[in-house]
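Here is a short briefing to read with the structure open beside you. Take the topics in any order you like.

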Amino acid sequence: MASPPRTEPRPDVTPPEEIKAVPLRHPGRWVAVAVLAVLGAMLVNGVVNNPAYRWDTVGRYLFDQRLFRGALVTLELTVLAMFLGVFLGIVLAVMRLSPNPILSSTAWIYLWIFRGTPVYTQLVFWGLISVLYPTIGIGIPFGPEFASFETQTVITFFVAAVIGLSLNEAAYMAEIVRAGILSVSEGQSEAAAALGMKRAQVMRRIVLPQAMRVIIPPTGNELISMLKTTSLVVAVPLTTDLYSTSREISLRLFQPVPLLICAAIWYLAITSVLMTGQYYLERRFARGSQRALPPTPLQKLRNRVFPASGEAR
Amino acid sequence: MTATGAPPMVLAEGVHKRFGRLEVLKGIDLEVDRGEVMCIIGPSGSGKSTFLRCINHLEQINAGRLSVDGTLVGYRQRGDKLLELRESEVASQRIGVGMVFQHFNLFPHMTALGNLVEAPLRVKKEPKREVVDRARALLERVGLAEKADAYPSQLSGGQQQRVAIARALSMRPKLMLFDEPTSALDPELVGEVLDVMRGLAEDGMTMVVVTHEMGFAREVGDELVFMDGGVVVEAGPPREVLAAPQHERTRSFLSKVL
């Protein structure tokens, strides 16, 4: 009749009591909040009540047609120059890593020149290209020409600005892409080669997708930096972009500050959109690197508002 | 095994390999027959991994002759001249040789299934449905049918290595090379990988296995090769070599690992 020793927990024993400790206080945080609140209030007060800011003018011109068109030109310049810059940057990075010494040293010389001179100088140069080469011809090198164009009609100021910005950008992108490619372990290329993949396939299907995780954050930096560098295209001289447009209006109004604020707000708005895009792009290329992707801000919000549905997923 | 008159699967004659001044392989002569499982053991730095990598031309040999299934690796012979093969020719030679690495080297941005279908789709350009069906069957064979959609980071080391074996098999190779396939695994995960390899051997796959698993070599191997200092010191049936090594160097190595 002797019962075996009990191993399972006895049902009449209550589970251990949850700890209910007094949470640690953080007085330093409250001091910081107070100091920052006072400083913030002073700043806002100074900005709002200072008549020199001319907030009425800001309000009147913020959604002005001309500024909107200027923002559009700036966005076009940014996207086109960045697109070409990334493409050429990848080509230059692959060239620099090539075992062919001619290709790698050519890429090195390109980087040396375009990183070594100010982008403002380069933009002035591209603006003057029609002085150096009045006509552009298509034909056999050192041989007959089939067609010839006036440089000024082909390379407008807009085209010159895109060329100048993208060639400069390519030099920086080349280094970013190279760092990304080098971050992928050699075992990956070896495994792909052992499966019979050719070098171009290995690069496109295996190495570059993994390099993207390293490439995207600094490229986002470059994109935002490009958005602001477009304000230099006045050197070409291209004067239809956001900054030049706001400058032009302000000179007519004799009110430089409010139009500068308008332009800054537009730049900030475009940057915010680009940053959101970067966030989701990074998530996409993080696939496989983390066991589970963290929730997006939208998902976090949804989970907080509808906690049940969030847990059910 | 030689009665058919077909060339051996791997034939190495006087293979030398140098890295700069360092001579890693100093004349390797080996023959692997069809359906044979050859295990290569030896201390680290003995050149066993390098020899394995030479077989699918991940390393280029400096002297000697190395051929797979009667075809020279990496070169074409014209008269008494050797011509280097083009990149695409080297790539197509590798299709017939599967390789499994110590650190798995799965593609982390693809699922297990994606790892398996990549090469058959992109290299062999086989029809997608056929490739996917075969890949699922291979995953089932290595016991990972339910992990088809998992990324490598979500798998244990043993599971990753089984996927890597399935990936190599997806190209339907005639020869499989294993470079210390269990050395990076936790001890309790080694068995599941060795089981898969044992199954392959039973199905008649020709295999060259660089390993430290003496038990596997004894039970599954047809031939055991002991390498040291870039040369083959001793070779023979595994039970004989392990039970009664003929050379002093083999004896001292085995006394350390057994």
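The notes below go through the interface, the sheets of chain B, and some local features of both chains.

This is a predicted model, so please read every value as computed from predicted coordinates. Chain A and chain B bury about 2,200 Å² between them, and the structure holds 24 salt bridges over all chains. Chain B has an open sheet of six strands and an open sheet of four strands.

**Where chain A meets chain B**

- The contact draws 21 residues from chain A and 28 residues from chain B.
- Ala194(A), Leu195(A) and Arg205(A) together give 27% of the area that chain A buries against chain B, more than any other three residues.
- Carbon and sulfur atoms account for 55% of the area buried between the two chains.
- The interface has three salt bridges. One of them joins Arg199(A) to Glu87(B), with the closest N and O atoms 4.0 Å apart.
- Seven residue pairs are in polar contact between chain A and chain B, counting pairs with both residues at pLDDT 80 or more.
- On the side of chain A that touches chain B, the elements giving two or more residues are α9 (186-194) and α10 (199-229) of chain A. The largest share, seven residues, comes from α9(A).
- By residue type, that side of chain A divides into eight nonpolar, seven polar and six charged residues.

**The six-stranded sheet of chain B**

- The strand order is β8-β9-β10-β3-β11-β12, and the pairing is mixed.
- Strand β11 (residues 223-228) of chain B pairs with β12(B) in the antiparallel sense, over five bridges. Within this pairing, Phe226(B) stands opposite Glu234(B) of β12(B).
- Helix α6 (residues 187-202) of chain B lies across β3 (37-41), β9 (175-179) and β10 (206-210) of chain B. The helix runs at about 145 degrees to β10(B).

**The four-stranded sheet of chain B**

- Here the order is β2-β1-β4-β5, with antiparallel pairing.
- β2 (22-32) and β5 (71-72) of chain B are at the edges with a single partner strand each, so one side of each is left without a neighbour in the sheet.
- Eight bridges link strand β1 (residues 10-19) of chain B to β2(B), in the antiparallel sense. The bridge partner of Arg18(B) in β2(B) is Glu23(B), and that of Val10(B) is Val32(B).
- β1(B) and β2(B) form a hairpin with two residues between them. Gly20(B), in the turn, has a positive phi of about 60 degrees.
- β1(B) also pairs with β4(B) in the antiparallel sense, over five bridges. His16(B) stands opposite Ala63(B) in β4(B).
- α1(B) packs on this sheet and touches β1, β2 and β4 of chain B. The direction of α1(B) makes about 65 degrees with that of β2(B).

**Local features of chain A**

- Asp56(A) and Arg60(A) meet through their side chains in a salt bridge (3.8 Å, N to O). They are four residues apart in helix α2 (residues 55-61) of chain A, so about one helical turn separates them.
- Strands β1 (residues 135-139) and β2 (residues 145-150) of chain A run antiparallel and are joined by five bridges. Gly139(A) stands opposite Glu145(A) in β2(A).
- The hairpin of β1(A) and β2(A) has five residues between the strands, and Phe142(A) takes a positive phi near 60 degrees there.

**Backbone geometry worth a look**

- Most residues other than glycine have a negative phi, and most peptide bonds are trans.
- The peptide bond from Val236(A) to Pro237(A) is cis, with omega near 15 degrees. Pro237(A) lies in the loop between α10 and α11 (242-253) of chain A.
- His57(B), a residue other than glycine, has a positive phi near 65 degrees. His57(B) sits in the loop between α1 (48-55) and β4 (63-68) of chain B.

Terms used:
Residues numbered from 1 in each chain as written. Chains lettered and ligands numbered in written order. Predicted model: local features only at pLDDT ≥ 70, side-chain atom pairs only at ≥ 80, totals over all residues. Heavy atoms only, no water. Contact = heavy atoms within 4.5 Å. Buried area = accessible area lost by both parts, 1.4 Å probe. Polar contact = N/O pair within 3.5 Å; in protein donor to acceptor, adjacent residues only side chain to side chain. Nonpolar A, V, L, I, M, F, W, Y, C, P; charged D, E, K, R; others polar. Pairing = 2+ DSSP bridges. Axes fitted to C-alpha atoms, helices over the stretch in contact; angles between N-to-C directions.
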